[in-house]
Amino acid sequence: MSALPRAPSAKNAPEREAMPDDQLMLAYAQGDAAAFDVLYARHEGGLFRFVKRLLGARLAAQADEVFQDTWVRIISARESFSPQGATWRTWAFTIAHNLAMDRLRVSGREVALDAHPDDDGDAVPTLDRGVRGAADAAAHPSAEELAFWRAAGRRLLACLDELPAEQRAAFLLHHEDGLTVEALAASLEIGFETVRSRLRYGLQKLRGCMERYLSVLEKQA
């Protein structure tokens with residue numbers, strides 16, 4: 001990943017590492033460039049993974065560009081940022097989501113989805129963490145077990161890539177970034193039931209795609 005535009009440097013402050021994201025952004029808006037360095041280091045990995053997974057394998061080569069554009073937007077919007085409402089992380093991931101979805105639309109890969117309300121409010125389990133967690137649970141996994149769970153991880157990424165873009169985005173924002181359904185609806189400016197529908201249908205497809213590995217998890221439960 002190439003270097004991002006840098007703001008003018010400012011005096012170092014030892015308390016920066018403990019500052020919440022919102023306060024770091026406000027400090028950066030006031031000219032504290034080191035506050036931006038802390039923000040970037042704190043969220044660089046998660047934001048890049050989110051962009052790459054959202055774009056999928058076919059557009060993976062464009063992930064770096066979208067990632068860079070996201071931070072440029074964040075820098076450009078520093079003076080207008082307000083900590084009221086969504087957290088900085090939600091705000092930043094929404095910017096990344098919108099830029100990635102724009103790229104998907106240009107590529108012709110976005111699929112229109114019909115929203116159908118769900119009949120219940122059951123929580124959606126975190127499939128990604130479930131697969132990874134099963135591997136972590138064994139104190140001394142065998143070579144065969146390690147190979148199995150590495151294959152499960154690769155399969156999950158492939159399954160995510162097969163989801164329609166809007167379902168994949170909702171799933172990643174909900175499970176990777178921890179946004180609630182309410183926060184997703186507000187950030188993406190879509191209906192609550194639409195978000196629930198995308199999560200439900202996306203999870204159903206992932207379960208079918210990951211059936212082999214999930215059956216192992218169920219036997220171990």
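Helix H2 gives the largest share of the lining of the largest pocket, 4 residues. The model is predicted. Both helix H2 (33-55) and helix H6 (143-162) supply at least two residues of that lining. The pocket holds about 190 Å³ of space. Its lining consists of Phe48, Arg49, Lys52, Arg53, Gly56, Ala57, Leu157, Leu160, Asp161 and Arg168. By class, 5 of these residues are charged, 4 are nonpolar and 1 is polar.

Two of the lining residues lead on to other features. Take Asp161, which lines the largest pocket. Asp161 also forms a salt bridge with Arg58, with 3.6 Å between the closest N and O atoms. This pair links distant parts of the chain. Asp161 sits in helix H6, Arg58 in the loop between H2 and H3, and 103 residues separate them. Asp161 counts as buried, because its relative accessibility is 13% and the limit for buried is under 20%. Arg58, at 61%, is exposed.

The structure holds 8 salt bridges. Side chains of opposite charge can pair when their charged atoms come close. Some of the bridges stay within one helix. Arg105 and Asp102 meet at 3.0 Å, N to O. They are 3 residues apart in helix H4, so about one helical turn separates them. Arg105 is partly exposed at 43%, and Asp102 is partly exposed at 39%. Glu193 and Arg196 form another salt bridge, at 3.4 Å. Both lie in helix H9 (residues 192-209), about one turn apart. Glu193 is partly exposed at 31%, whereas Arg196 is buried at 16%. Salt bridges also link Glu65, Asp69 and Arg103 in a network.

Now return to Phe48, another residue of the pocket lining. Phe48 belongs to one aromatic cluster with Tyr28, Phe36, Tyr40, Phe67, Trp71, Phe81, Trp88 and Trp91. The structure holds 11 aromatic pairs. In one of them, the ring centres of Tyr28 and Phe36 are 5.0 Å apart. Their planes meet at 35 degrees, so the pair is tilted. Tyr28 and Phe36 are both buried. Phe81 and Trp91 make another tilted pair, with 4.9 Å between centres and 55 degrees between planes. Phe81 lies in the loop between helix H3 (63-76) and helix H4 (88-107), while Trp91 lies in helix H4, so the pair ties together parts 10 residues apart in sequence. Phe81 is buried, at 8% relative accessible area. Trp91 is partly exposed, at 22%.

Definitions and conventions: Residues are numbered from 1 along each chain as its sequence is written. This is a predicted model: local features need pLDDT of at least 70, side-chain atom pairs count only at pLDDT 80 or more; totals for chains, interfaces and linings use all residues. Side-chain values use heavy atoms; hydrogens and water are left out. Rings of Phe, Tyr and Trp (its six-membered ring) pair if their centres lie within 6.5 Å; planes under 30 degrees apart count as stacked, over 60 as edge-to-face and the rest as tilted. Buried means under 20% relative accessible area, exposed over 50%, partly exposed in between (1.4 Å probe, protein chains only). On a 1 Å grid over the protein atoms alone, a cavity is a set of points where a 1.4 Å probe fits but cannot get out, and a pocket is an open set with protein on both sides within 12 Å along at least five of seven lines; lining residues have an atom within 4 Å of a point. Grid points are joined across faces, edges and corners, and a volume is the space filled by probe spheres set on the points. Ala, Val, Leu, Ile, Met, Phe, Trp, Tyr, Cys and Pro count as nonpolar, Asp, Glu, Lys and Arg as charged, and the others, Gly among them, as polar. A salt bridge is a side-chain nitrogen of Lys or Arg within 4 Å of a carboxyl oxygen of Asp or Glu.
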